[in-house]
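Please keep the sequence and the coordinates at hand while reading.

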Amino acid sequence: MSSPGGRRSVRTAADPPMAPEEALKHLKEGNMRFVKGEPQATRTNEGMRNALVDMGQAPHTAIVGCADSRAPLETIFDAMPGDVFVLRNAGNTCTHAEGSMVGSLEFCTGKLGARMILVMGHTKCGAVYGATHAYLEARKSDVVSVNSALEGLLLDLAPVAERALSDMGSSSDAESVAAHAVKVNVFHTIDFLLRYSESIRDKVRSGQVEIQGGLYHLDTGTVEFMGRSPRQTELLSSTHRGLPPSMTREGGRTSGYGPAARGMHGVRTAADSAVAADEALKMLQAGNERFAVGAPLAKNATAKMREALVSHGQAPHTAILGCADSRVPVDTVFDAMPGDLFVLRNAGNTCTHAEGSMVGSLEFCCGKLGSKLILVLGHTQCGAIAGATNTYLASKDGGASKSAGSALEGLLVGLSRVAHQAEEELGVGVEIRRLISHAVRVNVFTSIDFLLKYSEPLRQLVKSGNLEIQGGVYHLETGRVEFMGRSPCQAQLLASDSSLPPSLQALPIRTTLHGPMPHQEALKLLKEGNDRFAVGAAISGRITPAMRKALVKEGQAPHTAIIGCADSRAPLETVFDAMPGDIFVLRNAGNTCTHAEGSMVGSLEFCLGALHTKMVMVLGHTACGAIKGATKTFLASKIPTKTKAAKALDALLEGLSVVASSAASQLGPDATEQQIATLAVKLNVFHTIDFLLQYSPLIRRKVQAGEVEIQGGIYDLETGRVEFLGQSPAQAGLVKSEANLPPSLTK
């Protein structure tokens with residue numbers, strides 16, 4: 001590394017590989033010399049240059065740096081030619097350069113033998129700051145446009161900005177978030193390498209290569225060495241295998257695109273006039289007929305056609321929401337040329353779990369690109385609809401959980417409503433193949449109705465006659481599309497008020513400024529919230545500092561008070577998809593007042609009296625541990641060797657055993673322990689309601705006057721759904737009874 005006279009030499013392939021820790025030491029020492037203004041790597045000669053040519057380079061470190069860092073990376077580390085293998089782009093990222101960046105690093109660590117990779121960001125990074133500000137502005141306006149490669153780069157760096165905002169808190173200023181995003185981006189790039197390069201991942205796992213991060217401070221020249229990614233262990237242990245995203249995309253097909261060339265450039269571009277909806281529909285019908293009879297008129301797109309689409313932009317005559325399971329490209333089904341169609345596909349041609357992307361994409365196509373027709377296209381033998389139908393039928397028989405344990409289960413649960421509607425229209429007991437076939441048709445109109453209900457831009461275009469939304473079913477067996485026309489609900493939906501898609505909605509915070517909520521409305525909110533929770537479409541949780549301050553300043557005004565069980569596995573606010581302050585929650589083992597009369601009844605009286613809540617829900621749940629224990633206690637009490645309660649828990653179970661006793665009495669002597677416990681859960685709900693009516697004069701008076709409603713419910717742990725039981729059967733008699741204090745307060 002040095003030559004006579006103290007002059008530094010150059011590394012070549014003749015030198016042995018340098019260990020990662022030694023390479024890191026060289027980087028640190030070189031940066032210190034740079035900061036002090038005492039560089040040593042200032043002179044090269046012909047001999048050094050020839051050595052690098054003749055023997056080849058052997059860099060000790062590969063560096064992914066930013067093109068905006070103001071100084072050569074070799075200079076920052078006082079490195080000689082050949083010491084470091086430098087890659088640079090805006091934002092030291094792999095977002096838009098996966099193939100070149102990852103491939104280059106694999107070459108350096110493989111062919112050239114480098115054992116150290118440094119991903120280095122820098123302060124005041126223009127790319128990351130730009131991405132952060134673009135992300136923050138997009139959050140305010142919900143409008144994101146990409147009109148250039150730069151804007152695409154900034155948009156794809158949005159996850160970095162989002163993570164930085166999450167780390168810093170929503171109250172942080174933009175500059176602070178952007179500064180933190182620079183560091184987040186360093187590890188984001190490292191994680192990308194570990195995730196998408198099997199070669200690099202294997203070398204890191206074996207200890208042959210080290211990847212670390214760094215931050216170059218423009219003001220001091222100092223490099224802050226940040227070490228490994230916090231996620232390195234997790235990523236190394238993952239089973240992910242895959243190429244970078246840009247290397248897995250199809251670069252375009254060479255045949256099979258369809259219709260006769262049209263447009264002044266042979267394909268439709270923005271240079272051509274818009275196509276009316278009825279004309280677009282005719283083009284779809286004609287193209288599908290050509291496909292069905294095996295006589296497509298399509299020709300391969302020429303280089304000039306592709307160039308025209310790039311230079312003039314696309315102007316698709318139709319946007320199609322189709323199914324990913326339809327076995328054939330949608331363009332092919334309609335014998336369409338590139339640029340004719342704007343195709344969106346997912347399993348089930350649905351918006352249920354992709355509202356933001358699907359609705360937003362269609363708004364872009366019909367607004368920005370000028371398409372006049374949207375076709376929602378289902379198909380026969382749809383796997384997603386078949387799965388959803390089977391999920392629905394199994395849930396009716398208690399054979400499957402309706403809760404979403406995975407993305408796929410969530411999709412099927414969301415689509416199960418379609419199967420339910422299909423069954424309602426055809427009748428219970430219909431043959432399953434016929435039910436699935438009808439559900440496909442129902443699902444097409446369900447997706448159309450979703451668009452009309454939740455997209456104001458699309459609604460306005462339909463109202464003004466500038467857009468037509470129709471449905472169709474592609475028959476796999478014949479290749480023909482059955483065109484179904486508009487949704488039967490279109491007129492009704494256009495006359496209604498629109499709202500955001502569920503995934504983009506946010507709930508407001510209730511405070512005392514809103515006043516008491518009638519119990520009927522509160523119950524409706526509980527049911528709607530539980531339905532969202534059960535299908536995995538919750539919309540609560542977007543809490544801002546202003547909301548929290550309002551709850552402090554104005555005070556809470558819960559629409560419902562709930563006595564629930566501490567064993568229910570989920571926060572009751574979550575079960576009902578409620579915002580902070582919506583629900584006044586009381587919980588204990590067994591959702592009971594048996595051993596907590598003073599605190600439970602007193603707390604409830606406070607809520608109804610001081611907070612003016614009008615709705616009370618006593619909520620049990622399936623597989624309740626307290627009720628199971630109480631059932632065992634009851635059954636054990638029938639054995640002569642019963643022991644006296646010695647613990648508070650024993651006393652709780654013994655107190656609840658009266659409920660188990662009642663359940664056993666109703667079921668008869670042949671009932672199993674599980675059957676008794678299941679019924680006891682329901683009886684215990686009413687037992688608690690009756691306790692409140694019997695022992696709280698305030699509650700009894702409010703119920704009798706119609707000011708407060710008390711109802712029961714059972715939360716099913718498996719499905720996530722609440723069975724609303726209504727009022728206690730004994731309510732009418734109890735509200736007329738004499739006042740009593742709870743037993744614990746009369747001793």
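Which backbone oxygen lies 2.7 Å from a polar atom of the side chain of Arg459? The model is a predicted one, and in it the oxygen in question belongs to Leu493. Arg459 itself is part of helix H18, which spans residues 456-463. The relative accessible area of Arg459 is 2%. Because burial is set at under 20% relative accessible area, Arg459 counts as buried. The side chain of this buried arginine thus has a polar atom placed 2.7 Å from the backbone oxygen of Leu493.

Five strands form an open sheet with mixed pairing, and their order is E2-E1-E3-E4-E5. From one strand to the next, the twist averages 25°. In general, the strands of a sheet pair through backbone hydrogen bonds, in either a parallel or an antiparallel manner. The pairing of E4 (residues 210-216) with E5 is antiparallel and extends over four bridges. Gly213 has its bridge partner in E5, namely Gly227.

Helix H8, residues 174-196, packs on this sheet. Strand E3 (116-122), E4 and E5 are the strands that H8 touches. The direction of H8 makes about 160° with that of E4.

Another helix, H9, covers residues 198-206. Which residues of H9 are buried? They are Ile200, Arg201, Lys203 and Val204. Viewed down the axis of H9, the buried residues fall within an arc of 165°, and therefore they line one face of the helix. Just after H9 comes Gly207, whose phi is positive, at about 85°.

The chain as a whole gives the setting for these details. The protein chain contains 28 helices and 15 strands. It has 747 residues, of which 48% count as buried. Among the contacts in the protein chain with a separation of 6 or more, 75% are made by residues 24 or more positions apart.

Notes: Residues are numbered from 1 along each chain as its sequence is written. This is a predicted model: local features need pLDDT of at least 70, side-chain atom pairs count only at pLDDT 80 or more; totals for chains, interfaces and linings use all residues. Side-chain values use heavy atoms; hydrogens and water are left out. Two strands pair if DSSP finds at least two bridges between them. Helices (H or I, at least four residues) and strands (E, at least two) are DSSP runs, numbered from the N terminus. Axes are lines fitted to C-alpha atoms, for helices over the stretch in contact, and angles run from 0 to 180 degrees between N-to-C directions. Contact means heavy atoms within 4.5 Å. Buried means under 20% relative accessible area, exposed over 50%, partly exposed in between (1.4 Å probe, protein chains only). A polar contact is a pair of N or O atoms within 3.5 Å; within protein, one must be able to donate a hydrogen and the other to accept it, and residues adjacent in sequence count only if both atoms are side-chain atoms. The arc is that of the directions from the helix axis to the C-beta atoms.
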